[in-house]
Amino acid sequence: MTAEEIPYWENEENLKKLCDFLRSQDGAAVREAVEERIEKRVHYIKGEKLVTFLAEPKKKTKWPDNIPKFKSRPEALAVCKMLSDIGYLHRCEKVGKGEVSLLPRNRCEFVEDAYFAWIYQGDKRFSNFLTTMLVIGFFCCTCFPIWPNFLKVFVWYMSVTFLIFIFFLIVFRGLMFMFVWILGFDFWIWPNLFDERLGFFDSFKPMYSFERSKSGQIYWRLGVFVGFFSFCYWAVTQPSEFDGFKAAQVDFIKDLYAGKLISDSSQADKENIDKPKMPSLEDLMRMEEEEEEEEEELTEEERVQAMFDNLMDEEEEIDDDEE
């Protein structure tokens, strides 16, 4: 019997497509908990909500074109039972706040009033690729001292550029939000940019968000308005101080790119980090000169005291020899 002759949902590849959709951001909402025995984070969902999502999807649900929609609730329930039978879903029960316990396999029959944890993790090739790249990247970082100099300079410029870009992006997002928030609205550019629960690409979705702010914040808005424009007034009326501040920031960025934020001696130490730490002839001569200068700085009284101490030491040595 060929794959075309098998009913659509009895083909495991089609079930995997459905699970990939359900486990995506457009799939059914899940909760996160910790399995009490293995102490591993799992995502779980109530059976009734999963069946309802499949049989009666909301209008805003982005249903994939390559997956047919379910015609009835019993059909969706039958598919959910198939997912449980092949081990993609595993029945669990709540045992505490934020904790669940997986039930034995013989008690994993799918029922709508029970909770089920997702066991299916999808295609792991991309995840394995990222893990491999992480290991390679860590190994390269540990070998940083033996990198060629042009690579070190390249990484330095890339790091500084990324740091400056992130700084100005955060400042720009904050200023835009403040300007619009004063008018009574919340406006964010890339509102999910720093959401750790989302993936890299999902962090840039949507491009912006715009909605009315909560009521009762008028005094906060007035305070921020007065404070910000007071700063602007100071910047305009005190050009010498503000210009000095601006020039200092420009010099800071230039020094950051040029690598001049540390002293010359520290810069030399950084460049010679892989060389053996042995004093040069100049260092030895300088050390000897410093010792001579310290001896010359002794006062007459200290010299007499030093001579007396030396004389006493010599007498003690003579007494020891006579004994």
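Visitor: Is F70 buried or exposed in this predicted model?
Guide: Buried means under 20% relative accessible area, exposed over 50%, and partly exposed in between (1.4 Å probe, protein chains only). F70 has a relative accessibility of 7%, so F70 counts as buried.

Visitor: Which pLDDT do local features need here?
Guide: Residues are numbered from 1 along each chain as its sequence is written, and side-chain values use heavy atoms, without hydrogens and water. In this predicted model, totals for chains, interfaces and linings use all residues, side-chain atom pairs count only at pLDDT 80 or more, and local features need pLDDT of at least 70.

Visitor: How many aromatic pairs does the structure hold, and what angle do the planes of W63 and F70 make?
Guide: Rings of Phe, Tyr and Trp (its six-membered ring) pair if their centres lie within 6.5 Å; planes under 30 degrees apart are stacked, over 60 edge-to-face, and the rest tilted. The structure holds 19 aromatic pairs. One of them joins W63 and F70 edge-to-face, with 6.4 Å from centre to centre and an angle between the planes of 85 degrees.

Visitor: Is W63 buried or exposed?
Guide: W63 has a relative accessibility of 11%. W63 also belongs to one aromatic cluster with Y8, W9, F21, F53 and F70. With its 11%, W63 therefore counts as buried.

Visitor: How far apart are the ring centres of F228 and F229?
Guide: F229 is partly exposed, because its relative accessible area is 41%. The planes of F228 and F229 stand at 85 degrees, so this pair is edge-to-face, and the ring centres are apart by 5.3 Å.

Visitor: How many salt bridges are there?
Guide: A salt bridge is a side-chain nitrogen of Lys or Arg within 4 Å of a carboxyl oxygen of Asp or Glu. E13 and K16 meet this way at 3.9 Å, N to O, and R41 and E32 at 2.8 Å. E112 and R73 also form a salt bridge, with their closest N and O atoms 2.8 Å apart. The count comes to three.
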